[in-house]
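I opened a new notebook page for this structure. My plan is to look up how its parts pack and pair.

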Amino acid sequence: MRADAVRGHLDGLLLAVLEPGPLHGYAIIAAVHDRSGGALELRTGTIYPALNRLERLGLLSSSWQSSGERRRRCYELTDSGRRTLAGERTAWSEFTTAIGSVLNPAAPPGLAT
């Protein structure tokens, strides 16, 4: 899938994969990849700036967690992030319905008899 297809939808993707609970960066990348059936491959240079921006906006919070000797920053949704995700889902549904109506019309206008 083209990288530009994700543009404009990255925030919603990140919020959605964080909905079940906190994840660190690599796990977020893997979750998007897995949930998309391998169609979406995000890069660290794409997600970390987005995660930082979403945290500054108050949609995510983060904390350091240790796994053995490794420390990882884990991100989770805030209440505001959950509300924003609900809005993203509504907007996505409306968008796909509108585009689907154009690309796959039930019957072209003017052809009904």
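Entry 1, a helix contact. I note that the model is predicted. I looked up which residues bring α1 and α4 together. In α1, G12, L15 and A16 make the contact. In α4, they meet G81, T84, L85, E88 and R89. I then sorted this contact by class: 3 residues are nonpolar, 3 are polar and 2 are charged.

Helix α1 covers residues 10–18, and helix α4 covers residues 79–103. I read a packing angle of about 125° between α1 and α4. Their axes are 9 Å apart.

In what order do the 3 strands of the open sheet stand? I found β1-β3-β2, with antiparallel pairing. β1 (23–24) and β2 (60–67) are at the edges. Each has a single partner strand, so one side of each has no neighbour in the sheet.

I followed β2 to strand β3, residues 70–77. The two run antiparallel and are joined by 8 bridges. I picked out S62 and looked for its bridge partner in β3, which is Y75.

Which helix lies across β2 and β3? I found α3, residues 44–56. Helix α3 runs at about 125° to β2.

Definitions and conventions:
Residues are numbered from 1 along each chain as its sequence is written. This is a predicted model: local features need pLDDT of at least 70, side-chain atom pairs count only at pLDDT 80 or more; totals for chains, interfaces and linings use all residues. Side-chain values use heavy atoms; hydrogens and water are left out. Axes are lines fitted to C-alpha atoms, for helices over the stretch in contact, and angles run from 0 to 180 degrees between N-to-C directions. Helices (H or I, at least four residues) and strands (E, at least two) are DSSP runs, numbered from the N terminus. Contact means heavy atoms within 4.5 Å. Ala, Val, Leu, Ile, Met, Phe, Trp, Tyr, Cys and Pro count as nonpolar, Asp, Glu, Lys and Arg as charged, and the others, Gly among them, as polar. Two strands pair if DSSP finds at least two bridges between them.
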